[in-house]
Amino acid sequence: MHSDLNPYSPGSGRRPFELVGRAKEIEAFDLLIAKTKQRRPDRGIALHGLRGVGKTVLLNEFRQQAERAGLMIVSIEGRDAEGGSEAVRAKLARGLLQAGRRANRRGITSNLREALGSIVSFSAKLGVTGIDIGVNLAAGRADSGSIEVDLEEMVEDLCIALADQRLALVFIIDEMQDLDDALLSALLSTQHLAGQREWPFYIVGAGLPNLPSVLAEARSYAERLFTYRHIDALPRDAAISALAAPAAKHGARYETQARDLLLEVSGGYPYFIQEYGYAAWETAPEKLITVQDAKIAVTIGRSQLDQGFFPSRWIRASRGEKDFLRLMAIDGDGGSGTAELAERSGRKQSSMTMTRASLISKGVIYAPSLGRVAFTVPGMDDYIQRQHHL
Ligand SMILES: Nc1ncnc2c1ncn2[C@@H]1O[C@H](COP(=O)(O)OP(=O)(O)OP(=O)(O)O)[C@@H](O)[C@H]1O
Ligand SMILES: [Mg+2]
């Protein structure tokens, strides 16, 4: 079928043709907006799950919902590949300035206009200047130099003014487990204060399965700050429609066996459904996708994953870390006990602590419970097993 019509979207954060199986999350965010309009602010939202389940796509969806409702939004990622924690703060400051600039239009209330001054002082303290948002710096507000105090003051000033308008300030944070401790603690204590003072301020974050424990370690009360939602592989009905609906839109359909084969190899994981669906579309000569087409699509889709999705994580590991991952792969995708891994390698458990920590910080593995580790990437065990040459 025509490549230029291919309706599938494999790739990080790429919006799928239809966002299936996530109605509950979308409703939860709608509720947050509805409560904001009633001046009854609620908790933030924290999405957590494995790689490729659709967390970033959901955050993008939330952003659009928030934009439609006219909320003030700033998006950041937990880590900056080159610039470290300074760069993340600078991105936050720039995002705030941009949001402030957009808010400073005709009809803005004088309270809100005045509050925007705190964004200018907050940002200046972080070294971000030169973005004119049409108001002066609010001297003595959000400029102490302590990130926690300044964040709280800036959020307080903005939110009091936004609440009058039945609006909110929303921080959308992807890869939230990667935030540095100081910024994370400041964000959590600000969210905490916002809850107590009824400021309409929400952190909406997404991260790996360890996100809830990272948050709890930073602040013991983190558990109560968020509505936590585990984002997982799609249940069967949703997976069927994720695969079939894009094709149907163009008048194409799958033979039942072809559909079932692709669903089985994808395990219901959104990224894999997109990759196999994409390959099936490219492979099928006719608008009926047959089992033969599907079998070829499995081979092609898998080799695509083996060239993109999997190695993008694998290449981040050092040699010693790769050995550790190989030992884990033997246990399949259910995770491994660190004691057993040590025994298998013939090394002391303590000698593997650094490797384990480094792989966790690279986001390749996480600790589902004490003494255990598991891959953050679904299917990583099989990938490692099939790559004998690695
Ligand atoms: N609900 C869905 N239905 C169908 N496809 C989806 C859905 N959600 C996401 N996808 C597809 O899955 C892929 C991965 O999405 P996304 O990048 O949002 O995942 P992620 O959880 O953020 O992954 P990572 O942890 O690697 O950042 C994309 O190709 C996207 O189009
Ligand atoms: Mg993502």
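How far apart do the C-alpha centres of domain 1 and domain 2 lie? In this predicted model, the C-alpha centres of the two domains are 37 Å apart. The domain assignment divides the protein chain into domain 1 (3–11 + 234–307), domain 2 (23–230) and domain 3 (311–386).

The next point is the position of the ligand. Both domain 1 and domain 2 give residues to the shell around ligand 1, so the ligand lies between them. Ligand 1 also sits in the largest pocket. Helix H2 (55–68) and helix H10 (270–283) are the elements that give two or more residues to the shell.

The shell can also be described by its residues. There are 26 residues around ligand 1, and those that come nearest are Ser 9, Gly 13, Arg 14, Lys 55 and Thr 56. By class, the shell residues comprise 11 nonpolar, eight polar and seven charged.

Several polar contacts involve oxygen atoms of the ligand. A polar side-chain atom of Arg 51 is 3.1 Å from an oxygen atom of ligand 1. For Val 53, the contact is through the backbone, with an N or O atom 3.2 Å from a ligand oxygen. Glu 175 has a side-chain N or O atom 3.5 Å from an oxygen atom of ligand 1. Taken alone, ligand 1 exposes 640 Å², and the protein buries 98% of that area.

Conventions:
Residues are numbered from 1 along each chain as its sequence is written. Chains are lettered from A and ligands numbered from 1 in the order in which they are written. This is a predicted model: local features need pLDDT of at least 70, side-chain atom pairs count only at pLDDT 80 or more; totals for chains, interfaces and linings use all residues. Side-chain values use heavy atoms; hydrogens and water are left out. A residue is near a molecule or strand if one of its heavy atoms lies within 4 Å of it. A polar contact is a pair of N or O atoms within 3.5 Å; within protein, one must be able to donate a hydrogen and the other to accept it, and residues adjacent in sequence count only if both atoms are side-chain atoms. Accessible areas come from the Shrake-Rupley method with a 1.4 Å probe; for residues, only the protein chains shown count as cover. On a 1 Å grid over the protein atoms alone, a cavity is a set of points where a 1.4 Å probe fits but cannot get out, and a pocket is an open set with protein on both sides within 12 Å along at least five of seven lines; lining residues have an atom within 4 Å of a point. A molecule sits in a cavity or pocket if more than half of its atoms lie within 2 Å of its grid points. Helices (H or I, at least four residues) and strands (E, at least two) are DSSP runs, numbered from the N terminus. Ala, Val, Leu, Ile, Met, Phe, Trp, Tyr, Cys and Pro count as nonpolar, Asp, Glu, Lys and Arg as charged, and the others, Gly among them, as polar. Domain bounds come from an automatic or database domain assignment.
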